[in-house]
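This report describes one protein model together with its ligand. Look over the sequence and the structure first, then read on.

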Amino acid sequence: MKLSTEWMKDGTCRSIPVADKDKWFFSQDPATIYKDRARAKQVCHICPVVKQCGVYAILNKESTDSHSRNIVWGAMMYRDRLEHYRDAKRHGLWEQIVEDSGVVL
Ligand code: SF4
């Protein structure tokens, strides 16, 4: 399956300071991780490509290992993405979500 990455250039996270992006999206500090990830999700919620980002992360199996599961893609950490995927599959909506995202070339 070939996936588009064209949407990435429009990501809101590309225009925030690198230090904030690193802390909010990637920091693994247990003392602040949930607060940081909540901030990352706020950034995603105003992002014009949030749907593409979430679908891409699921299809491309991004951040699925134990060290990166808390990284946010499309306003979702790994467990959120898994839940989203399973819910969509269960309700027969996944294929339409993928098609609407335009991520699959
Ligand atoms: S949805 Fe979030 S992680 Fe994805 S491109 Fe937008 S801001 Fe970045």
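## The ligand shell

Sorted by class, the shell around the ligand holds 10 nonpolar, 3 polar and no charged residues. Here Ala, Val, Leu, Ile, Met, Phe, Trp, Tyr, Cys and Pro count as nonpolar, Asp, Glu, Lys and Arg as charged, and the others, Gly among them, as polar. The model is a predicted one: local features need pLDDT of at least 70, side-chain atom pairs count only at pLDDT 80 or more, and totals for chains, interfaces and linings use all residues. Residues are numbered from 1 along each chain as its sequence is written.

In total, 13 residues surround the ligand, and the closest are G11, C13, C44, C47 and C53; a residue is near the ligand if its C-beta atom, placed from the backbone, lies within 6 Å of it. Helix 2 (33–45) and helix 3 (50–59) each give the shell at least two residues.

## Helices in the chain

The protein chain has 5 helices and 0 strands. Helices (H or I, at least four residues) and strands (E, at least two) are DSSP runs, numbered from the N terminus.

Helix 4 (residues 78–90) has 13 residues and should span 18 Å at 1.5 Å a residue, where the expected span is 1.5 Å times one less than the number of residues. Its end C-alpha atoms are 18 Å apart, which agrees. Just after helix 4, G92 has a positive phi of about 70 degrees.

## Extent of the chain

Taken along the principal axes, the C-alpha atoms of the protein chain fill a box of roughly 40 × 25 × 20 Å.
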